[in-house]
Amino acid sequence: MAPPPLPANEAERLAQLHSYQILDTPAEKDFDDLVDLAAAICGMPVSLISFVADNRQWFKAKTGTSETGTGKDISFCAHTVASGQDLIVPDARIDERFLANPLVTGDPHIVFYAGIPLTNAEGFTLGSICVIDNKVRELSTEQHNALRIIARQVMDKLELRRKIMALETANRQIEVLSHEVVLNEQKASYMIKAAPVAIGLLSGKALIIESANDQLLEFWGKSEEVIGKPLSKALPELEGQPFLDILDEVFATGEAHRGTEIPATLHRTFGPETCYFNFVYQPIKDGTGEIRGIMVVANEVTEQVMMRKRSEMNEHRISQLVMTAPVGMTILRGRELVVEIANDPMLKIWTRSREEIVGKRLMDIFPELVDQPFPELLLNIFDDGKGIAVNEIRALISDPHGKMNEIYIDISYEPLVEPDGSVGAIMATVIDITSSVNSRKRLEENENQLLGINQELMLSENRLRMATDMTSLGTFDLDLLTGKLVCNPRCAEIFGFGELDEQTFDHFNERIDPEDFASIVSPAMQAAYKSGDFKYDARLRIPGEPIKWIRVIGKILKEADGKPVRIISTAADVTEQLANDQRKHDFIAIVSHELKTPITSAKAYVQFSARQLLKKKPEPVLDLLDKTLDQLKKMEDMIRGFLDVSRLESGKLHLEMEKFNLADLVRGIILEQDPGTRRHALNLDCKGTAIVYADWKKIAQVVENLLSNAVKYAPMSKVIDIGCRVEDTEVVFSVTDYGPGIKPEDQEKLFERFYRVTNEVSKNIVGFGIGLYLCSEIIQRHHGKISVYSDYGHGATFSFSLPLANESQAG
């Protein structure tokens, strides 16, 4: 067995180790957590944080063993310290340095060892963090890198511990200084002037400023002219603040007073300022024990307090943003990735309750993420401070029962920076796109299958036509040697050719938009002559028809010598698919813009309210808070509309059916209108009883929407007529305004999702084009009808009908 060599700087290294005062200290959770994390990441039974002293190694933290240390002569860690490099021992039983080591030949029968040196900023290696197993193992690159990161965390905690001890020592020195100062004028004055902190001496019950060093005068915003004056005269702004009363109490009781982050209003260069101080008022006694004065020791912490308050305010705003976002969002705190908050969409993606995840480490909740890219992506942000966004990334997430689910997500990770510039947390945005990806994959599989079919059916034209005629895809087959083109009827239809039209390859290409042909089709085909495959989307310009988009996928077949002889491909009309994608993108842009407006307004109101409160002018604050609530109500209404659309399209819009009188519902809604704020006369013609079997709340939503639209879009109409009547087996409700009316071309699209009429009135009204769409869907789900009639320039009438309730319906 080879004993570990001694480093050349062993004496200096031991001095550095002892400067941390870490040896033989009690266990600390921070270090225990790090060895648990190392063991979990590497999948090892034993992990240690070990420090090598002059004749022993001592374990500060350990998991998987009850030992507290070993002799230095048999220490694996000592070898790591001597080299200052990572030490990986795959099998100690065949390593000449360790094969005779009693830790190998006997308990705990060490076979595998991996140690990472703990090296401080001065370059001295103090010990190591290691993982151990009793069988042959090896570390992956990710596990090795993780151990190095944990080693840096150990050193960070050691450095923080040493700095805290130094700070405590400095505080004790300041306290000793406060107690040792006596009323010797020359000595006190010298000590006060030379002190590294703001310090001053107040004499007698009148609190005469006997001396004050430059730091204290700067804090007060005064010159040396205040020396010899009573504190209350020198700083009249202290009147009404607690400091003079505290000083009187210290003088009376003889007990020191310590204040932390105490606000004080002082008159400085630019007028009154609210500042924050940590201070000590230390009574000074003479030889008889009588109190002769008070020493003031102070440290201004205004900047730290304001930074913390801004940070807290930002954290609150971020928390509100996360919790109200319509997509999955969470905040992960620190390198341990502790879940600080998570909104409902995020909980749905995780299939967990809030109680199951908040306050816990992400890797403890989802250990399956260890072998996935997310931990590395997140930890890199703490290192370089740069956010990252990744689209369509695969994730394996277990549900509470242990079942592993495969999902696809778009992710965005943004750093949340602390006042000191370090990354304290990460805000993660996650969108579940599994359904879209699966649909696309099925489409791609279908496309690939069709290409395979085309290749297979090259030897059988009849089979090719039979297969393609059963699909909505167009196919064409071009013989490059003869120029002969064969295409199915669907292909000719897509390109706008009839059965009798001449169809050549050049005719087909002439229908392609010239710009797209030059920039998309031509490069794709040139590349295909090398690769054999091509795929492109391009616009078609067919005379007398709107522009349409096609997707072409195909292959170029070659002879044995590589000569191209044939082009086979499929063509699909993807105009509607791309239009749907564009509508989705447009909708996201509109939502982002419209939500930004109330958020910006609410933010401005809150900031102005805060300034008014600081200036002790609370009168405008209530009005500003009301405006803030109005903006938040707008956001709530917007989000409720989006949720209704989502429920409709996912088939989750639940109807609570009951019998009620539609006429009573209409009267009630009109009575709720405030006559004092109304600019229109509401004329109601509602006679008789109109009993329907429907969802009361949903029908009320439709009535309120139609009435609200009449008010908004006909501002100059003095009268709005409202009708409710029974016709045969139906109840008909109508709202008529006498405003500008609606053009015929707009009437056809009014009930389509996201469609908005554009005119001089509507351009000043916020909306997303979902109100009438929701009304139409609700009425249709009640087996009713909804319609609009307008003589453009002379108003509009919106109406819907519902079936009368029958005796067999419950309610």
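The legends below describe close-up views of a predicted model.

**View 1. Packing of helices α22 and α23.** Helix α22, which covers residues 662-672, packs against helix α23, residues 696-713, at an angle of about 50°, and the two axes lie 10 Å apart. With that angle, α22 and α23 are therefore oblique to each other, and their crossing is right-handed. On the α22 side the contact is made by Leu 662, Leu 665, Ile 669 and Glu 672, while α23 contributes Trp 696, Ile 699, Ala 700, Val 703, Glu 704 and Leu 707. Sorted by class, the contact of α22 with α23 holds 8 nonpolar and 2 charged residues, with no polar residue.

**View 2. The open sheet that contains strands β12 to β16.** The sheet has 5 strands in the order β13-β12-β16-β15-β14, and their pairing is antiparallel. Strands β13 (338-342) and β14 (388-398) stand at the edges with a single partner strand each, so one side of each is left without a neighbour in the sheet. Neighbouring strands of this sheet are turned against each other by 35° on average, when direction is ignored. Helix α14, residues 374-384, lies across β12, β14, β15 (404-417) and β16, and runs at about 0° to β15.

**View 3. Strand β16 and its two partners.** Strand β16 is mostly covered, with 7 of its 10 residues buried. It pairs in the antiparallel sense with strand β12, the former spanning residues 423-432 and the latter residues 328-333, over 6 bridges. Within this pairing, Gly 328 stands opposite Val 430 in β16, and Thr 330 has Ala 428 of β16 as its bridge partner. Strand β15 also runs antiparallel to β16, and the two are joined by 9 bridges; here Leu 416 stands opposite Ala 425 in β16. The hairpin of β15 and β16 has 5 residues between the strands, and in this hairpin Gly 421 takes a positive phi near 95°.

View 4. Strand β19 (residues 533-540) pairs with β20 in the antiparallel sense over 8 bridges, and Ala 538 has Ile 550 as its bridge partner in β20. Strand β21 (residues 564-573) likewise pairs with β20 in the antiparallel sense, over 9 bridges, and Ile 553 stands opposite Thr 570 in β21. The strands β20 and β21 form a hairpin with 5 residues between them, and Gly 562 in the turn has a positive phi of about 90°.

**View 5. The chain as the setting for the close-up views.** The secondary structure of the chain comes to 25 helices and 28 strands. Of the 811 residues in the chain, 43% are buried. Among contacts between residues at least 6 apart in sequence, 55% join residues that are at least 24 apart.

Note on methods
Residues are numbered from 1 along each chain as its sequence is written. This is a predicted model: local features need pLDDT of at least 70, side-chain atom pairs count only at pLDDT 80 or more; totals for chains, interfaces and linings use all residues. Side-chain values use heavy atoms; hydrogens and water are left out. Two strands pair if DSSP finds at least two bridges between them. Helices (H or I, at least four residues) and strands (E, at least two) are DSSP runs, numbered from the N terminus. Axes are lines fitted to C-alpha atoms, for helices over the stretch in contact, and angles run from 0 to 180 degrees between N-to-C directions. Contact means heavy atoms within 4.5 Å. Angles under 35 degrees count as roughly parallel, over 145 as roughly antiparallel, 65 to 115 as roughly perpendicular and the rest as oblique. A crossing is left-handed if the near helix is turned anticlockwise from the far one by less than a right angle, and right-handed if clockwise. Ala, Val, Leu, Ile, Met, Phe, Trp, Tyr, Cys and Pro count as nonpolar, Asp, Glu, Lys and Arg as charged, and the others, Gly among them, as polar. Buried means under 20% relative accessible area, exposed over 50%, partly exposed in between (1.4 Å probe, protein chains only).
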